Amino acid sequence: MLFTGILLLLISNAVTFRRDKSILFARLTILILANCSILLYSILTLSFLSKSISLFGGLVYCKIHTLVFTLFIFALTIFILSLSSFYPRKVWHEESASISHVVSNKRYDTGNTPILNKMGEQFRIIEYPLIILFVITGATFLIASSDLVTIFLAIELQSYGLYLLSTIYRNSELSTNAGLTYFLLGGLSSCIILLGQSLLYINSGNTNLDGIYIINSILVNNVDGLDSTTSITNIPNIYQYYIQLSFVIMSVGLLFKISSAPFHFWSPDVYDAIPTIVTTFVAIIAKISILILLLEFIYYTSITMLDYSWKSNLLLSSFLSLIIGSVLGLTQFRIKRLFAYSTISHIGFILLALSINSIESIQAFFFYIMQYSVSNLNAFII
């Protein structure tokens, strides 16, 4: 349904020459996402989803929590699109400008009156809902990814759409500078993620996450099965160290994407310069998919023989995010920079729940990420 909607919007954009149809396209995107939500809800009611289902040869896993969070992303996107889909057009009527006419409550025919904000930005940017559909498609695949190649492609599909959204106001110098900064630093974080994935492939021999999890479990559980007289008893420790190092490098790139400390320095400037509606999208939607991906990594690689686990990286980032987001937010005078540091502080709480990795902390993680998203959306709507 998402791909069909993207194709329809592309065709509509190609055959029209009117630049004031962006509101109608945004409403059409809301209908597409509502239809996708209905399809997802019908899938959630099926009984066979008590276990995960592998699709496309193991590239994508259909799990109950991935479907729930995909439905949650669709609902948030519908609310964000409603901010620009029903924007009122102001009309000018000369006779109603007098206070006496307003008090007397006279009615006038406003059918032929001029429209004041007809050439507003929200009427000229016709590609805005189309780019949002690309971002939503990348986030949906990233949540359900079960292969290193799928993860990287989904992250890039989501990130490219966000880069375009950040520079969508082409006449604004601040927006262009912020989009360029976001693109360069996002490309750097993508290189770090790709480096971690390549090291993980070198040391495990496959790109499927199930195979990597099985190798990690074998290395942990079969140490006692090796002959102590041989000289290869340290091989599991070496490979376990390499796998942990690969996850550390990959987590650095993912923490860069969600602007967690100490990789947060780009987010206040970018949040402040890009348009407010785009800031809403970058601050909420772009983080949910990556956090769900980190949850799966932590859940399946939590057991380790080493003294140092890659979870310690998340714990350190959580500690720094809580301090930096709380302290530096006190000195801000611009509201969107304050929201940026508030987001960094909340990411610290979410990473803390991920690092603990217990049943109660995972429940708190699910609740906190939903509550944070709704509260942040409410603040940006106001």
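**Pockets, cavities and core of a predicted helical model**

Among contacts in the chain (heavy atoms within 4.5 Å) between residues at least 6 apart in sequence, 77% join residues at least 24 apart. The structure is a predicted model, in which local features need pLDDT of at least 70, side-chain atom pairs count only at pLDDT 80 or more, and totals for chains, interfaces and linings use all residues. Residues are numbered from 1 along each chain as its sequence is written, and side-chain values use heavy atoms, with hydrogens and water left out. The chain has 15 helices and 2 strands; these are DSSP runs numbered from the N terminus, with helices (H or I) of at least four residues and strands (E) of at least two. Of the 382 residues in the chain, 49% are buried, meaning under 20% relative accessible area, where exposed is over 50% and partly exposed lies in between (1.4 Å probe, protein chains only).

On a 1 Å grid over the protein atoms alone, a pocket is an open set of points with protein on both sides within 12 Å along at least five of seven lines, a cavity is a set where a 1.4 Å probe fits but cannot get out, and lining residues have an atom within 4 Å of a point. Grid points are joined across faces, edges and corners, and a volume is the space filled by probe spheres set on the points.

The largest pocket holds about 540 Å³ of space. It is lined by 19 residues, of which Leu40, Leu67, Thr70, Thr140 and Phe141 are the closest to its centre. At least two lining residues come from each of helix H1 (2-15), helix H2 (22-44), strand S2 (60-62), helix H3 (64-85) and helix H6 (128-143). The lining has 16 nonpolar, 3 polar and no charged residues; Ala, Val, Leu, Ile, Met, Phe, Trp, Tyr, Cys and Pro count as nonpolar, Asp, Glu, Lys and Arg as charged, and the others, Gly among them, as polar. Helix H6 is itself largely enclosed by the rest of the structure, because 13 of its 16 residues are buried.

There are 2 cavities of 30 Å³ or more. The largest cavity, with about 50 Å³ of space, is lined by Gln158, Ser159, Leu162, Tyr163, Tyr182, Gly186, Lys257, Ala286 and Ile290. Two or more of these residues come from each of helix H7 (148-166), helix H8 (173-204) and helix H12 (276-300), and H7 gives the largest share, 4 residues. By class, 5 are nonpolar, 3 polar and 1 charged. The second largest cavity has about 30 Å³ of space, and its lining consists of Tyr182, Leu185, Gly186, Ser189, Phe256, Lys257 and Trp266. Here H8 supplies the largest share, 4 residues.

Beyond its neighbours within four places in sequence, Leu291 is in contact with Ile258, Ile347, Ile350, Leu351, Leu354, Phe365 and Ile369.

Finally, Ser345 lies in helix H14 (residues 335-356). Its relative accessible area is 11%, so Ser345 is buried. Leaving out residues up to four places away in sequence, Ser345 touches Ser321, Leu322, Gly325 and Ser326.
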